Amino acid sequence: MTDTASLSLTARTLVVDLEGTTSAAGFILGDLYDYARPRLQSWLDAHANDAAVAEARAQAIADAGLPSGADTEQVVGVLHNWMAQDVKATPLKTLQGQIWAEGFRRGEINSHFFDDVIPRLRDWHSNGVEIAVFSSGSVTSQVPWFRHSPDGDLTPLITDYFDTVNAGPKKVAASYDTIAARLGAEPADLVFFTDNPDEVRAAQNAGWQVVAFSREGEPFFGADFGTAPVVSSFEHVEVTAP
């Protein structure tokens with residue numbers, strides 16, 4: 001691992017991961033999971049006619065090998081097991097995203113950002129750097145996450161949102177090709193901030209610039225990030241628009 005105290009790079013668009021990079025994994029796996037967990041069963045039943053909910057339910061049944069006629073309690077058991085293991089399953093992310101969005105709307109939950117993140121995002125945006133998001137959490141949850149930040153509505157800073165549905169798995173290079181195409185950018189004009197070594201390699205394999213984050217107390221602190229520069233704070237990076 002290479003510790004980089006100060007890093008300067010040029011990029012048209014900065015794409016940020018959330019968990020462990022901009023925000024504490026413990027908050028997402030703790031506060032937000034705790035909010036969604038007891039609401040999954042009632043949400044599935046109350047929104048059974050919602051196309052996205054029906055699709056998520058069917059996908060969870062198929063992925064878990066349950067009988068096609070599995071009841072809600074069985075489906076919720078699968079979802080709770082995935083949550084306990086922190087499985088990045090698309091049907092779980094879809095349902096959690098809907099529940100969190102409602103919680104944000106009601107003012108029952110708020111998002112979390114490390115102290116170094118929001119000031120730098122504002123600075124880079126004001127200096128012409130586009131900012132996008134790529135997270136395993138659904139776009140449905142990403143938008144209210146930025147709208148209900150501790151420092152107000154951040155959605156004006158964000159150009160686009162990507163998840164495992166509209167881009168693909170985060171550990172696969174092709175997903176980064178998809179994002180580059182959608183942003184209309186060359187890979188070399190993009191930089192990805194992430195704390196996950198597998199995501200670092202995938203983005204590098206797609207030709208992106210990558211900055212790895214090793215934050216003390218986060219799941220990948222001290223991990224081997226290969227050739228990527230490693231920092232512990234947004235304050236240690238300067239991003240300049242071309």
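**A tour from the strands to the aromatic rings**

Begin by selecting Ala-212, whose bridge partner in E7 is Val-230. Strands here (E, at least two residues) and helices (H or I, at least four) are DSSP runs numbered from the N terminus. The model is a predicted one, in which local features need pLDDT of at least 70 and side-chain atom pairs count only at pLDDT 80 or more, while totals for chains, interfaces and linings use all residues. Residues are numbered from 1 along each chain as its sequence is written, and side-chain values use heavy atoms, with hydrogens and water left out.

Next, display E6 and strand E7 (residues 230-231), which pair in the parallel sense over two bridges; strands count as paired if DSSP finds at least two bridges between them. Strand E6 (residues 209-213) has four of its five residues buried, that is, under 20% relative accessible area with a 1.4 Å probe and protein chains only (exposed is over 50%, partly exposed in between).

Phe-192 has Val-210 as its bridge partner in E6. From E5 the chain passes through helix H9 (residues 197-205) to E6 in a right-handed β-α-β crossover; with the strands pointing away from the viewer, the path from the first strand over the helix to the second runs clockwise.

Now select Val-237. Beyond its neighbours within four places in sequence, Val-237 is in contact with residues including Leu-7, Trp-124, Phe-193 and Phe-213, contact meaning heavy atoms within 4.5 Å. Phe-146, Phe-193 and Val-237 touch the most other members of the largest nonpolar core, which holds 57 residues. Such a core is a set of buried Ala, Val, Leu, Ile, Met, Phe, Trp, Tyr and Cys residues joined through side-chain atoms within 4.5 Å.

Turn to the aromatic rings. Rings of Phe, Tyr and Trp (its six-membered ring) pair if their centres lie within 6.5 Å; planes under 30 degrees apart are stacked, over 60 edge-to-face and the rest tilted. There are 16 such pairs. Select Phe-113 and Trp-145: the ring centres are 6.0 Å apart and the planes at 50 degrees, so this pair is tilted. Phe-113 and Trp-145 are both buried. The pair of Trp-124 and Phe-193 is edge-to-face, at 5.9 Å centre to centre and 80 degrees between the planes. Because Trp-124 lies in helix H6 and Phe-193 in strand E5 (residues 190-194), the pair ties together parts 69 residues apart in sequence.
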